[in-house]
Amino acid sequence: MSKGSFLYGLWCCGVVALFLMSAFSGYSPFADGGRATRAGFYAGGPNHK
Amino acid sequence: MSDPAINAITCPACGGTVEMRAAGYSVTIVCQYCSSVLDVANPDVRIIERYQEAARALAIPLGTRGTLRDVEWEAIGYLGRSEGGYYPWEEYLLFNPYHGYRWLTTDGRGWSFGTMLTATPDYVSHGVLSVNGETYDAFFRGDAQVDYVLGEFYWRVAAGEQVQTADYVRPGTMLSFEGNESERNWTLNELLSPKEIRAFGVDPPRPWPGSGRPPLPHQPSPYGANLKSFLKLGLITFAALIFIIILFGRKGEPQAFTMALTPGREAISQSFGPIMLPRPRQAVTISAEAPGIDNLWVDIDYALVDRKTQASYEAYGLVEHYSGRDSDGAWSEGSRDKTTKLAVVPAGTYDLVVDASASRWSGSGSSSSYATDGWSGSEPSVSLDIRIAPGGFFLSNFWLALIVVIVPIGFLLWRHASFETARRNESDFAASDSDDDEDDE
Amino acid sequence: MLSVNCPNCGAEVVFRSPALPVKVCDYCRTAVTRIDDGVRAAGEMAVLPFDVSPIRIGTRGRFDGQGFDVIGRVRWGWSDGAWNEWLLLFADGRDAWLGEAMGQFMLLFEKPLEGSLARVVSRLAKGGDATIGDKAMIDGIDYQVADIKDAVCIACEGELPFTAPAGWKVKSVDFRSNTGACASFQHDGTEASLYTGRYVTLAELHPQDLRALDGWTIPSFAA
């Protein structure tokens, strides 16, 4: 296996490890909330023109 | 007991002693001292063409030996060739009395090791031939001429000699045809690694893209092998991600609560509990649904408060639905339910505090289904159903991981494609833009 | 095996194959021919010019599981070169030719010119012509004419199925296929013969007693 493939293998292992950790502790950078500040006032209405 | 391997002859043009290294096979010798072309098919050496010029200095001086693919070869002949004076290349004839002849070919971009075939290739389909079960694609067709000759050859060779040529390629190997009305020959040219050609004391040329010239027609993509292992690793990673989702993506038993809201009124705050979170850390999935609402939005502020520590985990949710009619007909948008996920909530006993308020969309113009002016009457209340469950799975995490895994593959694929485009652009059989390239040269 | 004295110089001449009528005396190059009551001299053969062929009389080998000895050679020349044809005697008494040209080897057995022949072959047998690329089906194999030469015998040595005097003119037509099978047709103006077989490498023949050449290592497959 070439150096490139080896590095990519490491890269993939890293991704799997991070994914596993986030799945285990319920983490996501895209979560709607956690210890976050409160959202401001929302002015509702459709986007329809 | 060993027989001599070299037969010395005297050049009848200059009197120099010329060593014949393939006696019995050689037909033509070009004298290394005066460049005269000699006929050595018979014991009486005849001059075919008389010259008096110094021989060209060669990258591999004739008589040089080198070991290629476990066999020692001696360079005995040299041909300078071209396509009508363009695209010049060089060919060295190699000889070993026990293994016959081979060719060493270069056009400055790399070296190939050629073996003449004894079987004619099989026709597979238009522009595709096969040899030993491997297929070759048509790449180039032309007429080759001999521009310069030095050393000895097993046929009557002369400068100016012309043959038709055709090249077929697969990564690493070129299948070359040369023919005229009396002979048809096929040669398999294997691309030599830079290390292999050093056996003949030659410095290997820089490979593409450092060479500044297009890749060789039979040059394998330097990304091809990596691409295959990358794809394999990518698939394994994908499977691992799916496995992790199945293992950790499950939600716990949900608890359901209901709130009643009146549009236009102050926000109502209500607390539900207890909610038990069993794992040390976990996501929490809260879904809100306001069935049947229209032209309304409901702001929801969630706060998950630990009964012991009073630590609060907060999120915001919104359900909204609008509809109407305009010149294009009826329209509707929004969603009457919304799932909100909290990340990394520690174990404990919690209360869910929900602050919710419903607001009516005042509409715009006559297209609204409600008359807005003067509306202040008692609105019917809206029910908001809330379900909360420990656990849950972030699909966004999966997409992010997948992108991070795919990006290197995409990069490699792009490099591979640009190599293949550069390689194929040289072909007579390339698609579309090959003609433009030829005009530029 | 038949051992006689050369009618010309008296040296011992050994016929190894009862089927082959001619042996060129190793010492005086007289063609010793077998007749009903012994042997007779049939003229002196030309000297073989120097070459660096790896084969020599006495080289042994194996082909399709059968052992063979190299017992004779004819060297042919044409306007643009020359080639060797080595006569092989197999353990079961059959003989075959090992053609050696341009560093490539063809092993060929004679095939009687009888029964239904490919059109090109029957035309050639009648003294007609062929062109490069002509197709011929022989024993179920598709061949193409690859080479047509007017050859002249240069010299010969060892045991032979015929006397091969220098200057003997023969038309030689080679056939190739897409499998490595090959065939050769020869016509000397009075008699025609056809040979079929295939291209071989020296390594495939498991040769022993190859000719040693100064400065070259005998390959491991022959050691």
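Helices (H or I, at least four residues) and strands (E, at least two) are DSSP runs, numbered from the N terminus. With that in hand, go to chain B and pick strand β18 (residues 268-289), where you'll find B:Pro274.

Some housekeeping before moving on. This is a predicted model, in which local features need pLDDT of at least 70 and side-chain atom pairs count only at pLDDT 80 or more, while totals for chains, interfaces and linings use all residues. Residues are numbered from 1 along each chain as its sequence is written, chains are lettered from A and ligands numbered from 1 in the order in which they are written, and side-chain values use heavy atoms, with hydrogens and water left out.

Now select B:Ser35, which sits in the loop between β3 (28-30) and β4 (37-39) of chain B. B:Ser35 isn't a glycine, yet its phi is positive, about 65°.

Next, colour chain B by domain, using bounds that come from an automatic or database domain assignment. You'll want domain 1 (7-220), domain 2 (221-249 + 394-441) and domain 3 (255-363 + 377-392). Between the C-alpha centres of domain 2 and domain 3 of chain B there are 43 Å.

Time to look at how the chains meet. Which chains share the most contacts? Of the two pairs of chains in contact (heavy atoms within 4.5 Å), it's chains A and B. Here 50 residues of chain B are in contact with 36 residues of chain A. Buried area is the accessible area (1.4 Å probe) that two parts lose on being put together, summed over both. For chains B and A that's about 3700 Å², 63% of it on carbon and sulfur atoms.

A salt bridge here is a side-chain nitrogen of Lys or Arg within 4 Å of a carboxyl oxygen of Asp or Glu. Chains C and B have two salt bridges, while chains B and A have zero. Select C:Asp80 and B:Arg156 to see a salt bridge whose closest N and O atoms are 2.5 Å apart. As for chains A and C, they don't touch, and their nearest C-alpha atoms are 33 Å apart.

On a 1 Å grid over the protein atoms alone, a cavity is a set of points where a 1.4 Å probe fits but cannot get out; lining residues have an atom within 4 Å of a point. Grid points are joined across faces, edges and corners, and a volume is the space filled by probe spheres set on the points.

How many cavities of 30 Å³ or more are there? The count is one, and the largest cavity holds about 110 Å³ of space. To find it, select A:Ser22, A:Ala23, B:Gly392, B:Phe393 and B:Phe394, which lie nearest its centre among 14 lining residues. Two or more lining residues each come from α1 (3-25) of chain A and α2 (224-248) of chain B.

Conventions: 1 Å grid on protein atoms, 1.4 Å probe; cavity = no way out; pocket = protein on both sides within 12 Å on 5 of 7 lines; lining within 4 Å.
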